[in-house]
Amino acid sequence: MLRRGLTEEGYLVTSVPDGEQGLALLLAGGVDVCVLDVQLPGIDGFGVLTEARKSNIETPILLLTARDSVPDRVHGLQLGADDYLTKPFAFAELVARLRARTRRTGPVAETLLRCGLVELDTIAHRATVSGEPVALSAKQFALLEFFLRHRGHVVTREMILQRVFGYPFDPGTNLVDVHVANLRQRLGLAAAAMIVAVRGVGYRVSDETP
């Protein structure tokens, strides 16, 4: 899922199944940023991180782990991790953190997104409607960013649940619909024509100005 999602975001992704191959890839150079799972077969993520830093590898490394205790997070950062994300996590947050950690030589993803009267500044983390600021929660901001990056296309509830909220798809949950309704309420009438429900599938964001 991460490989597919990051590829869609414009990254050239190489994935390996264990710590030994991950370390070899880092030592070989040419990696702009590394997403490193702590729980790997063979050498775990902490071991890969330790050996990479001992070898003076300065590649930005973001750790992924199910361990959410403070000592584990501190341990990872002390070993030389640049960032730390605990599972489950929102895919949009991972992309934002990677964007902050890497310098990409190719085309850079848009940082100022617009649709109708709505404008989203992903660098300043600011949303406006008709030029007026709108207060959004972190999840609402991530959901709006996902919609705007896929404007003009239908996005399924499964995509939203996995990419924005970091959860496996559950056809019995209404989590997505609840968050979309809350986002619409925050944006007001501007969202009425912008976020269109596609029955039985998901949502589509229209580029037409309300």
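Which residues have the most contacts inside the largest nonpolar core? In this predicted model, they are Leu 144, Phe 147, Ile 160, Leu 187, Met 194 and Ile 195, and the core holds 31 residues. Two or more residues each are given to this core by β4 (112–115), β5 (118–121), β6 (126–129), α6, α7, α8 (175–187), α9 (190–194) and β10 (202–205). Helix α6 supplies the largest share, 7 residues. Apart from its neighbours within four places in sequence, Leu 144 is in contact with Val 118, Leu 120, Ala 127, Leu 136, Leu 183, Leu 187 and Met 194.

Helix α5 covers residues 91–101, and its buried residues are Phe 91, Ala 92, Leu 94, Val 95, Leu 98 and Arg 99. Viewed down the axis of α5, these residues fall within an arc of 155 degrees, so they line one face of the helix. They pack against the helices α1 (2–8), α6 (138–149) and α7 (157–163), and against the strands β1 (34–37), β2 (61–65) and β3 (83–86).

As a whole, the protein contains 9 helices and 10 strands. Its C-alpha trace spans about 55 × 40 × 30 Å along the principal axes. Of the 210 residues, 40% are buried. Among contacts with a separation of 6 or more, 54% join residues 24 or more positions apart. The accessible surface is about 11,300 Å², and carbon and sulfur atoms account for 52% of this area. There are 23 positive and 24 negative charges, and their mean positions lie 4 Å apart.

Terms used
Residues are numbered from 1 along each chain as its sequence is written. This is a predicted model: local features need pLDDT of at least 70, side-chain atom pairs count only at pLDDT 80 or more; totals for chains, interfaces and linings use all residues. Side-chain values use heavy atoms; hydrogens and water are left out. Helices (H or I, at least four residues) and strands (E, at least two) are DSSP runs, numbered from the N terminus. Buried means under 20% relative accessible area, exposed over 50%, partly exposed in between (1.4 Å probe, protein chains only). Contact means heavy atoms within 4.5 Å. Accessible areas come from the Shrake-Rupley method with a 1.4 Å probe; for residues, only the protein chains shown count as cover. Lys and Arg count as positive and Asp and Glu as negative; His and the chain ends are not counted. The place of a charge is taken as NZ of Lys, CZ of Arg, CG of Asp or CD of Glu. The arc is that of the directions from the helix axis to the C-beta atoms. A nonpolar core is a set of buried Ala, Val, Leu, Ile, Met, Phe, Trp, Tyr and Cys residues joined through side-chain atoms within 4.5 Å.
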